[in-house]
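Colleague: I've just opened this one and would like a quick tour. Can you take me through it?

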Amino acid sequence: MILYKLLSDIIWALHYGFIGAYSGMAVALVNIPREVVYYCQNKNKNNSPISLVVFGIINVVFAIITWKNVFSLFPTFASISAMFAFWLNNVKATKKISLVVSVLMLTYDIFNSSYMGILNEIITLISIIVALTVLLRNKKEISEAEKEKENE
C-alpha cells in the first residue's frame, strides 16, 4: 500500500509542478520521505512526535520558499493538519481533520486551476462525509442498543 501512496505523491508533485503550483509540488515531495518514516514508525509501534515536528518545520520552510500568495500556504496547512491527524491515530478525529484538509486543498486547487485536484478533493470530501455519517449512525445504533439492554 505504501508503494501506491509514494507513486501517488510523485504523480501529484509532477502535476503541480507542470501547472506552476509549486507549494503543492513541494508538499507532495515532502510527503514522500514522511510516509516512509511513518511507515517505519508504525511498523515498530513508535509514534514519536519528533517526526511530526521535523516534517512540520520542513513544510513551513518550503512554504516560505514557494510563497506566491496566501493560497500557497494552504497545502502547508493541509499537510501539517493531516500529519497531526494521522499521528493522533484516532479514526473519527482523522476524518474530521481530513474535512479541513480537503477544503484547504480544494481551495488551493481552484485558485491554481488544478482540475484533477478539484475532482480529487470533491471525491475525497464525499468519501469523508459518507464515512462520518456511517460512524455517527453506528454510534447511535450502539447507544440505542445499550439503552434497550439497560431497560431489560
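Predicted model: local features only at pLDDT ≥ 70, side-chain atom pairs only at ≥ 80, totals over all residues.

Colleague: Is Tyr4 buried or exposed?

Modeller: Tyr4 sits in helix 1, residues 2-18. Its relative accessible area is 59%. The cut-off for exposed is over 50%, so Tyr4 counts as exposed.

Colleague: About how much accessible area does the nonpolar patch with Tyr4 have together?

Modeller: The patch is on the surface and is formed by Leu3, Tyr4, Leu7, Ile10, Leu14, Phe18 and Ile19. Together their accessible area is about 760 Å².

Colleague: Which residues do ring pairs link into a cluster?

Modeller: Aromatic rings pair if their centres lie within 6.5 Å. By this rule the count is 5 aromatic pairs. The cluster linked by ring pairs consists of Trp12, Tyr16 and Tyr108.

Colleague: And Lys95, what does Lys95 touch, leaving out residues up to four places away in sequence?

Modeller: Lys95 belongs to helix 5, residues 91-111. With 27% relative accessibility, Lys95 is partly exposed. Contact means heavy atoms within 4.5 Å, and beyond those sequence neighbours Lys95 touches Ile128, Ala131, Leu132 and Leu135.

Colleague: How far apart in space are Lys95 and Asn42?

Modeller: In sequence, Lys95 and Asn42 are 53 residues apart. In space, C-alpha to C-alpha, the distance between Lys95 and Asn42 is 19 Å.

Technical notes: Residues numbered from 1 in each chain as written. Heavy atoms only, no water. Phe/Tyr/Trp six-rings, centres within 6.5 Å; stacked < 30°, edge-to-face > 60°. Patch = residues over 30% accessible without salt bridge, like charges linked within 9 Å, V, L, I, M, F, W, Y side chains within 5 Å. Areas by Shrake-Rupley, 256 points an atom, 1.4 Å probe, with all protein chains shown as cover. Salt bridge = Lys/Arg side-chain N within 4 Å of Asp/Glu carboxyl O. Helix = DSSP H or I, 4+ residues; strand = E, 2+ residues; numbered from the N terminus. Buried < 20%, exposed > 50% of the residue type's maximum accessible area, 1.4 Å probe, protein only.
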